[in-house]
Amino acid sequence: MKAKENKKVDEKIHIKRKIDIKTYFKNKSILEKRNIIFSIICIMAILVLLLIPTGFEKQIYNNAESVKARVISTDESSIYETGLIKQGDQICKIEILNGSFKGETVEAVNLLTGKLEVDKMFKAGDTAFVLLEKSNDGELVFANMVDHYRLNIEILLVGLFVTLLVIFSGSTGVRTIISFAFTLLCILKIFVPMLLKGYHPMVVALVIGIMISTVTLILVAGFTKKAYCAIAGTILASLATCVLAIVFGNLFKIHGAVMQWSESLLYAGYQNIDLTLIYQSGIYLSCSGAILDLAIDISAAIEELVEKNPDISRKEILISGLNIGKSIVGSQTTTLLLAYMGSFIAVMMVYMAQGTPLLSILNTKFISSEILHTFVGCTGLVIVSPLTAIICSYVYKLNSIKKIDIINLKDKVVD
């Protein structure tokens, strides 16, 4: 009798397991469909962003045309040198490779200003980006050597990146490319134009940053608990980072003109924009990618922990999340520090070569701005770790029924 009862219990458990497995794969199929639909929506959003105008498409140079040209020969007789500095005009004989003057051979001027950061020298065989100025009748008046032509190499590099990403990451790589394109277009088509139109930089940066983070996390993790936890942690950490950027930006008394080329905006007729707030918003936006990366790392690790041990308590989830975050934060902050330091190595070399004392170097406006940039970003990373762990401890709460190990059950189910 007892054997029969045990057999009935085993049969019920077996049937329950089969139902749970079917439910699991059904839910998994639904999630995959949602992910595909969301990816399609993101692709449509990318196409819309490509088509919408920024409002700043006006052509600065009237009656001008940008073309690709090949340098046939050069003449440096008008150039004079003063030490390392070259000034004067380099005359280049070029063949125009595209545009309305394709196939024509003309002389173009390469003006040298004496600044190594902007000057360039051409030699025979180089491919150049040339600006052709035309008269009202469409005749060629002047050809200006703008720079070396790099667009083809840029396309090659991007193509290599995309190819390797798809080969080694598969469908996840495709979604990463979608996220990459969406992020880039949000910055170029929404963020920058809105700043030029005078919108509040920090508000715009926060909205754009949260939108990019949400789209990226859903594309990478799908419509799952780990994505939702990471999104919530990212939003809270983003708010805290924005506050820190504003507070310490004002305490440091760093003007936004410390950003390269920023002062030119004031002379170009955009006196209404707040360069300091733009600089502070840039601090948050530049570290937002690292923040979302850390948030999803912690969330994914906790999800795996709960999957393997469904009976884990809320307190244990929180402690585990904090411990996971400790090791990840250490490496992430170092990565962020190295990324920022790369932008001011030359300045540090100049100060050190002149024998400037370290305290004086650290107190300069440029280095102080980089310190502000680096440590506000790193603080944002430190904050997102416990926030995500706390959120996960509430989302992944203890269930009364143990979750099934699907991998082991596959072998146990009998058709």
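The residues that line the second largest pocket divide into 14 nonpolar, eight polar and one charged. Here Ala, Val, Leu, Ile, Met, Phe, Trp, Tyr, Cys and Pro count as nonpolar, Asp, Glu, Lys and Arg as charged, and the others, Gly among them, as polar. The model is a predicted one: local features need pLDDT of at least 70, side-chain atom pairs count only at pLDDT 80 or more, and totals for chains, interfaces and linings use all residues. Residues are numbered from 1 along each chain as its sequence is written, and side-chain values use heavy atoms, with hydrogens and water left out.

The lining of this pocket comprises 23 residues, and Met259, Gln260, Ile278, Tyr279 and Gly282 lie nearest the centre. Helix 3 (171-196), helix 6 (262-267), helix 7 (275-308) and helix 11 (365-395) are the elements that give two or more residues to the lining. Helix 7 supplies the largest share, eight residues. Helices are DSSP runs (H or I, at least four residues), numbered from the N terminus. The space in the pocket is about 510 Å³. A pocket is an open set of points on a 1 Å grid over the protein atoms alone, where a 1.4 Å probe fits, with protein on both sides within 12 Å along at least five of seven lines; lining residues have an atom within 4 Å of a point. Grid points are joined across faces, edges and corners, and the volume is the space filled by probe spheres set on the points.

Trp261 sits in the loop between helix 5 and helix 6, and Lys253 has its place in the loop between helix 5 and helix 6 as well. Most residues other than glycine have a negative phi. Lys253, not a glycine, has a positive phi of about 55°, and the phi of Trp261 is positive too, near 70°. Lys253 counts as exposed at 70% relative accessibility, as does Trp261 at 66% (buried means under 20% relative accessible area, exposed over 50%, partly exposed in between, with a 1.4 Å probe and protein chains only).

The structure also holds four aromatic pairs. In one of them, Phe38 and Phe223 are edge-to-face, 5.5 Å centre to centre with 85° between the planes. Phe38 lies in helix 1 (residues 2-51) and Phe223 in the loop between helix 4 (201-221) and helix 5 (225-252), so the pair ties together parts 185 residues apart in sequence. Phe38 is buried at 16% relative accessible area, whereas Phe223 is partly exposed at 23%. The rings of Phe161 and Phe180 form a tilted pair, because their centres are 5.7 Å apart and their planes are at 50°. Rings of Phe, Tyr and Trp (its six-membered ring) pair if their centres lie within 6.5 Å; planes under 30 degrees apart count as stacked, over 60 as edge-to-face and the rest as tilted. Phe161 belongs to helix 2 (residues 151-169) and Phe180 to helix 3, so this pair ties together parts 19 residues apart in sequence.

Two serines remain. Ser393 is found in helix 11 and counts as buried at 2% relative accessibility. A polar atom of the Ser393 side chain lies 2.6 Å from the backbone oxygen of Ile390. Leaving out residues up to four places away in sequence, Ser393 touches Arg314, Ile317 and Leu318, where contact means heavy atoms within 4.5 Å. Ser343 is in the loop between helix 8 (314-341) and helix 9 (345-353) and is partly exposed at 48% relative accessibility.

Definitions and conventions:
Polar contact = N/O pair within 3.5 Å; in protein donor to acceptor, adjacent residues only side chain to side chain.
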